[in-house]
Amino acid sequence: MKKNTIMAIGLAMSFVAAQAFAEQTAAAVQGDAAAGKTKSETCGGCHGADGNPAAAVFPKLAGQHPSYLTKQLRVFRSQKRVDQMVMNTMAESLTDADIADISAWFAKNKVIPEKAEKNDLGQKIFRTGIPSKAVPACAACHGPKGEGNPTSVYPALGGQYSSYVGKSLHDYKSGERGNEIMQTITNRLSDEEINAVSDYVSGLQ
Ligand code: HEC
Ligand code: HEC
């Protein structure tokens with residue numbers, strides 16, 4: 001079997017696994033946004049009270065799907081996703097109810113997108129992928145406007161800071177952040193391609 005075929009099958013299998021995982025988490029997410037607003041006061045200093053941070057070193061959380069926020073807070077809590085500086089500690093003391101409430105609050109708010117320059121390479125990668133390198137279109141999962149997919153737990157990307165999108169892609173590529181789908185894809189992307197698609201994503205709305 002050709003390597004590409006094996007990769008494609010691997011990707012399709014991850015799809016099924018993600019779907020199954022999504023069903024479990026989606027059912028668990030029934031947060032109370034008003035309670036989440038109060039509970040997220042400690043988060044606001046970095047992520048902004050409504051999830052739009054003042055500084056690009058912190059990811060935007062506003063408008064992100066509750067299923068994805070919940071998943072990330074759980075993996076920070078279990079230390080499967082490592083951010084020893086901050087997020088492992090922040091998530092340590094959160095109960096499942098806290099996580100659901102806080103996720104509901106940030107999800108309810110609107111993300112303020114960046115003003116990105118036109119980026120042809122980034123747009124091309126996002127919309128059509130790079131067929132010669134078997135890179136799939138990002139839009140296939142993350143949506144044409146980067147709106148993501150709450151049921152499949154594909155995060156919304158539209159309007160996110162370019163620097164954070166780039167950091168995430170490098171973290172998948174280096175294996176620092178584990179996810180089979182995104183690791184397979186980023187292994188095939190050059191730094192130039194990562195920068196281009198990150199810039200493009202930041203202006204999507
Ligand atoms: C001192 C600053 C700081 C505080 C306080 C903080 N965070 Fe974070 N948060 C970060 C940083 C930095 C990252 C990016 C980590 C990385 O690069 O992996 C992050 C990442 C996240 C992510 C992942 C976003 C994504 O798109 O994957 C979530 C969700 C999150 N934080 C939620 C929270 C919540 C909820 C709280 C409050 C309980 C909180 N944070 C408090 C700095 C902070
Ligand atoms: C087959 C579906 C699929 C495709 C295609 C895909 N992604 Fe993803 N992406 C995911 C999933 C699932 C996650 C969540 C992984 C996790 O939990 O860490 C993700 C996470 C991300 C994140 C992290 C977001 C955050 O807030 O931390 C970025 C950035 C990202 N993808 C960018 C891209 C780009 C750019 C492309 C195209 C080159 C792409 N993705 C193609 C499924 C996909």
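Trainee: How many helices and how many strands are there in the chain?

Mentor: Keep in mind that this is a predicted model, where local features need pLDDT of at least 70 and side-chain atom pairs count only at pLDDT 80 or more, while totals for chains, interfaces and linings use all residues. Residues are numbered from 1 along each chain as its sequence is written, with chains lettered from A and ligands numbered from 1 in the order in which they are written. Helices (H or I, at least four residues) and strands (E, at least two) are DSSP runs, numbered from the N terminus. On that basis, the chain has 11 helices and zero strands.

Trainee: Which residues come nearest to ligand 1?

Mentor: A residue counts as near if its C-beta atom, placed from the backbone, lies within 6 Å of the molecule. Helices H3 (41-47), H4 (66-77) and H5 (87-92) each give two or more residues to the shell. Of the 19 residues around the ligand, those that come nearest are Cys43, Cys46, Gln72, Asp83 and Met90.

Trainee: Which element gives the most to that shell?

Mentor: Cys46, one of the nearest residues, is found in helix H3. With five residues, the element that gives the most to the shell is H3.

Trainee: Is Met87 buried or exposed?

Mentor: A residue is buried if 20 or more other C-beta atoms lie within 10 Å of its own, exposed if 12 or fewer, and partly exposed in between, with C-beta atoms placed from the backbone. Cys46 has 16 such neighbours, so Cys46 is partly exposed. Met87, in helix H5, has 20 C-beta neighbours inside 10 Å and therefore counts as buried.

Trainee: Which residues have the most contacts inside the largest nonpolar core?

Mentor: A nonpolar core is a set of buried Ala, Val, Leu, Ile, Met, Phe, Trp, Tyr and Cys residues joined through C-beta atoms within 7 Å. The largest has 19 residues, and helix H6 (96-108) gives the most to this core, with seven. The ones with the most contacts inside are Leu69, Leu73, Ile102 and Phe106.
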